[in-house]
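Hi,

Here is the structure I promised to pass on. Have a look at it first, and then read my notes below.

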Amino acid sequence: MNLALEKKIRRELQYLPDPLKLADHVRGVLKKGDVEKALGLTRIASKDMECIVSWNHIIGHLLSEKQVATALKIYNEMKKRAQFPDSHTYVILLRGLSEPPVAADTLGKALAIYHSLGAENSRVKPTTIHTNAALRVCARANDMDSLWGIASKIPEKGPGAADAYTYTTILNAIREHALLEGGNRTDDSEIAALRATAVQQGRRIWGDIVGRWRSGDIAVNEEMVAAMGRLLLIGLQPKDWDDVLSLIEQTMGIPRLVPKLGSKMRMASLNLPIRMPADVKKDRKDITEGEEPETEFDQALLLDSRGNPSVTLVKPGNNTFSLLLEACKLAHAFRTSYEYWDLLTNKSTYALKPDMDNIHTFMRILRQTRASGRTLDLVKDTIPAYGWKPHRKTFRIAMSACSRDKNNPNVMKHANQLFELSEHYQVEPDPTTLTQYMELALSTQDGEVISQVIDRLSDPITKLRSIVSFGTFDSGRTSVTARHDIVALMRTVIGAIDQLMKKQLIPQDQMQDWSQRRSKLSAFVTRLMDRMDGKNIVPKEKLIELRRDSRQLRHLRQNLVKKQKKRDGTWVKNKKDLEPKALQDLPFED
């Protein structure tokens with residue numbers, strides 16, 4: 001810090017005698033990005049007052065800028081200046097260190113800070129907030145050993161006992177660890193074992209949650225229920241997916257709309273198949289035919305002697321909605337998913353407003369059932385009714401539902417309406433959606449339908465050509481991926497034109513016109529592929545020369561125009577010298 005800055009800071013400190021005003025001023029300085037001045041203010045003020053909040057602001061700002069080493073250095077300097085960290089200081093440090101990416105050395109520093117709270121000479125004792133922040137660091141670093149080490153020391157009761165966020169963090173960490181470790185394995189049996197172990201750990205934890213919830217030691221929220229449900233969904237056994245419905249019934253009171261898997265009523269029900277992956281069909285120890293299964297998710301565990309809920313049930317939200325639909329989709333319980341949709345969106349029951357993620361999940365279920373008509377109704381009526389606007393993804397899922405429903409005689413009518421809706425909402429052209437639309441028309445083998453679709457695609461293809469030549473996609477996709485998709489679309493259209501001409505599905509007098517359209521598309525595809533392969537690219541030196549020649553030609557043309565206007569007497573050096581023309585009186589008809 002130079003002498004001029006120090007004098008300026010001392011003058012400012014004369015008007016900041018209060019630690020609160022100093023902290024507000026430091027925060028304002030940090031918002032402007034002047035860390036050096038904020039440090040100078042805090043260091044000089046530390047000689048005369050206690051300004052822990054100002055130090056906290058600086059540490060938090062540095063951690064938000066990913067300057068971990070500098071933030072820890074300031075933390076140590078703070079202690080050397082007899083500014084003892086408070087509880088909020090450690091919360092800022094641990095939460096800041098948990099932001100991804102979490103390196104191995106960062107995890108070690110975070111654990112050292114957390115364990116220092118448990119020392120005998122520590123001025124701050126660890127609380128649940130500190131524990132949750134430390135667990136979050138371990139979860140982000142995918143270090144389950146450290147996470148279980150911290151979790152094993154959490155007291156059952158008291159100020160440091162686990163809360164809803166603690167259990168949510170642990171359940172999410174178990175799920176993420178199983179998925180990350182499974183992604184590094186190639187053996188299917190190892191992946192299945194990892195997921196089964198993760199689900200079993202989650203079941204044991206949920207048993208503890210239910211016991212504490214019943215005794216009033218913890219309050220369960222939707223985020224915790226969703227974390228347990230997502231953990232069950234990564235399992236490979238049908239019982240895991242089926243238990244999601246029991247979990248929702250247990251915690252929220254939403255009734256199961258299908259009997260439990262393995263029960264007599266379920267075995268008698270013929271409308272709901274049991275779907276299992278091929279590698280787990282041979283192992284069905286979790287399904288006992290004819291018996292009523294008992295799990296950690298039985299609703300009876302939270303009922304009193306009179307059969308009434310002994311706890312306050314959780315209010316369902318969009319996360320719960322998505323969870324139910326995902327479970328039904330995995331189990332191929334399509335009819336049940338329809339019933340859950342109607343139940344949760346009904347104004348007389350739960351009156352949930354589905355978000356776009358819920359709608360997309362339900363559309364994927366409709367795609368699997370080849371329900372193109374209901375998918376169209378969802379896009380045309382349901383989405384606007386809830387105040388949403390369809391995305392590119394919306395139309396891609398809807399058009400793929402039409403592709404699966406190609407045996408439906410009304411499928412082209414549905415696809416045409418979807419295309420018109422995408423133009424109505426001015427959705428950016430999606431090459432994948434348009435390719436599906438073109439392939440659907442080709443499957444009809446109807447020349448009139450194919451030619452109509454090609455005509456409809458004329459404007460979107462022109463926009464895509466402009467995007468390739470002059471712009472980028474709003475979705476932020478890489479140009480290579482976008483160009484490959486555009487090439488695939490145009491080749492599909494070219495193939496459709498070839499089919500029209502070879503099979504003589506169009507009148508003879510239109511052959512030349514279609515041939516010209518095909519040639520233009522083919523030439524553009526060839527140029528685009530050459531550009532993608534690095535061919536026919538003008539060298540930098542030649543490009544500079546061409547630009548210089550173009551600039552000279554422009555100046556030459558301007559001089560020729562200038563000389564011509566001087567000869568005609570119409571040249572004006574300054575436009576300000578132009579005399580305003582008098583307004584002419586125009587006759588009006590009576």
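Let me start with a loop: Gln504 sits between α24 (479-502) and α25 (511-532). Its phi is near 55°, a positive value in a residue other than glycine. Gln504 has a relative accessible area of 59%, and because the cut-off for exposed is over 50%, Gln504 counts as exposed. Please keep in mind throughout that this is a predicted model.

A second residue with that kind of backbone is Ala351, which is not a glycine but has a positive phi of about 50°. You'll find Ala351 in the loop between α16 (334-345) and α17 (356-368). With a relative accessible area of 44%, Ala351 is partly exposed.

While you're looking at loops, go to the one between α6 (87-97) and α7 (104-116), where Pro101 lies. The peptide bond from Pro100 to Pro101 is cis there, with omega near -5°.

Now for the overall picture. The chain has 26 helices and 0 strands. Of its 590 residues, 43% are buried. The accessible surface of the chain comes to about 33,100 Å², and carbon and sulfur atoms hold 50% of that. If you take the contacts in the chain with a separation of 6 or more, 69% are between residues 24 or more positions apart.

Two packed helices are described by the angle between their axes and the distance between the axes, and I have both for two pairs.

On the α2 side the contact is made by Leu22, His25, Val26, Val29 and Leu30, and α3 brings Val35, Lys37, Ala38, Leu41, Thr42 and Ala45. Sorted by class, this contact has 8 nonpolar residues, 2 polar ones and 1 charged one.

The second pair is helix α1 (residues 3-13) with α3, where the axes come within 10 Å and cross at roughly 60°. That angle makes α1 oblique to α3. Here the crossing is right-handed. From α1, the residues Leu5, Glu6, Lys8, Ile9, Arg10, Glu12 and Leu13 meet Glu36, Lys37, Gly40, Leu41, Ile44 and Ala45 of α3. The classes in the contact of α1 with α3 come out as 6 nonpolar, 1 polar and 6 charged. If you want to see where the two contacts share residues, Lys37, Leu41 and Ala45 of α3 are listed for α2 and again for α1.

Next, have a look at Ser54, in helix α4 (residues 52-64). Is Ser54 buried or exposed? Its relative accessibility is 0%, so it counts as buried. Leaving out residues up to four places away in sequence, Ser54 touches Leu22, Ala23, Val26 and Thr42. Leu22, Val26 and Thr42 also belong to the contact of α2 with α3.

Back in α7, Leu111 is another buried residue. Its relative accessibility is 16%, and it counts as buried because the cut-off is under 20%. Which residues does Leu111 touch, not counting those up to four places away in sequence? They are Cys138, Ser146 and Ile150. From Leu111 to Ile150 there are 39 residues in sequence, with 9.2 Å from C-alpha to C-alpha.

At 43% relative accessibility, Glu420 counts as partly exposed. Glu420 is 36 residues from Arg456 in sequence, and the C-alpha atoms of these two are 9.4 Å apart in space.

That's what I have so far.

Cheers

Methods. Residues are numbered from 1 along each chain as its sequence is written. This is a predicted model: local features need pLDDT of at least 70, side-chain atom pairs count only at pLDDT 80 or more; totals for chains, interfaces and linings use all residues. Side-chain values use heavy atoms; hydrogens and water are left out. Helices (H or I, at least four residues) and strands (E, at least two) are DSSP runs, numbered from the N terminus. Buried means under 20% relative accessible area, exposed over 50%, partly exposed in between (1.4 Å probe, protein chains only). Contact means heavy atoms within 4.5 Å. Accessible areas come from the Shrake-Rupley method with a 1.4 Å probe; for residues, only the protein chains shown count as cover. Ala, Val, Leu, Ile, Met, Phe, Trp, Tyr, Cys and Pro count as nonpolar, Asp, Glu, Lys and Arg as charged, and the others, Gly among them, as polar. Axes are lines fitted to C-alpha atoms, for helices over the stretch in contact, and angles run from 0 to 180 degrees between N-to-C directions. Angles under 35 degrees count as roughly parallel, over 145 as roughly antiparallel, 65 to 115 as roughly perpendicular and the rest as oblique. A crossing is left-handed if the near helix is turned anticlockwise from the far one by less than a right angle, and right-handed if clockwise.
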